[in-house]
Amino acid sequence: MRTAIGLTATLLVLGVATRDQAAAPSDATAGLAAFETVRQVFQHPRCQNCHIPGEAPLQFDAGLPHAMNVMRGPDGKGAPGLPCAACHGVANPPPSYGPHVPPGAPTWHLPPPERKMVFIGLPSGELCRRLKDEKQNGGKNLDALVHHMAEDKLVLWGWSPGPGRAPVSVPHDELVAKLKQWIAAGAPCAP
């Protein structure tokens, strides 16, 4: 009786690809396609308005500079004297307040200045590599990244942004499924 290793070795000698070897290129292709859905979410205004290269967040679907000279601040929670929480509560105001009032979610903030996690204008491959780089992503391994995207209340706000704002266009459960599919395929990045 042959072992699985022995059988694999025999198949390789005979020039027969194993199932894992045959699936590898298509898994990578499927992983790259799954990441394109992830990229689409990360580069939606709900995400990229706070994942900015500079120090001033953006706002609205058009990504306009934030009013009132709002700045990232030393910890990502606003400048001294004007913290994000001065206007952004822990939940969206009721619809009766009208459109374009400051939205809210728990722990409203931007990434801190030492790891801005910029999403704006990055090609797919570069965004992919930044997400996988624990030095740039807040120390998150891939499992922690899934947990963050699946459960963080500020992330989830993107699908319920309140009146006057378009929610993220990809359903949240689809994002999480595509993120997991990308990881299962080895988290490949485009060149």
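Biologist: Where does S124 lie?

Modeller: S124 sits in helix α4. Helices are DSSP runs of H or I with at least four residues, strands are runs of E with at least two, and both are numbered from the N terminus. This is a predicted model, in which local features need pLDDT of at least 70 and side-chain atom pairs count only at pLDDT 80 or more, while totals for chains, interfaces and linings use all residues. Residues are numbered from 1 along each chain as its sequence is written, and side-chain values use heavy atoms, without hydrogens or water.

Biologist: Is S124 buried or exposed?

Modeller: Start with the cut-offs: buried is under 20% relative accessible area, exposed is over 50%, and partly exposed is in between (1.4 Å probe, protein chains only). S124 has 15% relative accessibility, so S124 counts as buried.

Biologist: Which residues does S124 touch, leaving out those up to four places away in sequence?

Modeller: Contact means heavy atoms within 4.5 Å. With those close neighbours set aside, S124 touches F35, E36 and R39. The side chains of S124 and E36 make one, at 2.4 Å. Look also at Q43: it is 81 residues from S124 along the chain, yet their C-alpha atoms are 9.9 Å apart.

Biologist: Which residues of helix α4 are buried?

Modeller: In α4 (residues 124–132), they are S124, G125, L127, C128 and L131.

Biologist: Why do they count as lying on the same side of α4?

Modeller: They cover an arc of only 165 degrees around the axis, which puts them on the same side. The arc is taken from the directions that run from the helix axis to the C-beta atoms. An α-helix has 3.6 residues a turn, so residues three or four places apart point the same way.

Biologist: Now a loop. Where does N137 lie?

Modeller: N137 lies in the loop between α4 and α5 (142–151). Its relative accessibility is 4%, so N137 counts as buried.

Biologist: What does the side chain of N137 reach at 2.6 Å?

Modeller: It reaches the backbone oxygen of L131. A polar atom of the N137 side chain also lies 2.7 Å from the backbone nitrogen of K140. Beyond four places in sequence, N137 is in contact with R115, M117, R130, L131 and K132.

Biologist: Which loop holds L110?

Modeller: L110 is in the loop between β4 (82–83) and α4. L110 is buried, with a relative accessible area of 2%. Apart from neighbours within four places, its contacts are C50, I52, P57, R72, D75, G76 and C84. A56 is 54 residues from L110 in sequence, and their C-alpha atoms are 9.7 Å apart.

Biologist: How do the lining residues of the largest pocket divide by class?

Modeller: Ala, Val, Leu, Ile, Met, Phe, Trp, Tyr, Cys and Pro count as nonpolar, Asp, Glu, Lys and Arg as charged, and the others, Gly among them, as polar. The lining has 15 nonpolar, six polar and four charged residues.

Biologist: How many cavities of 30 Å³ or more does the structure hold?

Modeller: One. The largest cavity holds about 70 Å³ of space. Its lining is H66, M68, V70, L82, P83, C84, C87 and H88. Six of these are nonpolar, two polar and none charged.

Biologist: Last, the overall view. How many helices and strands are there?

Modeller: Seven helices and four strands. From the N terminus, the order is α-α-α-β-β-β-β-α-α-α-α. Of the 191 residues, 35% are buried. Among contacts between residues at least 6 apart in sequence, 60% join residues at least 24 apart.

Note on methods: A polar contact is a pair of N or O atoms within 3.5 Å; within protein, one must be able to donate a hydrogen and the other to accept it, and residues adjacent in sequence count only if both atoms are side-chain atoms. On a 1 Å grid over the protein atoms alone, a cavity is a set of points where a 1.4 Å probe fits but cannot get out, and a pocket is an open set with protein on both sides within 12 Å along at least five of seven lines; lining residues have an atom within 4 Å of a point. Grid points are joined across faces, edges and corners, and a volume is the space filled by probe spheres set on the points.
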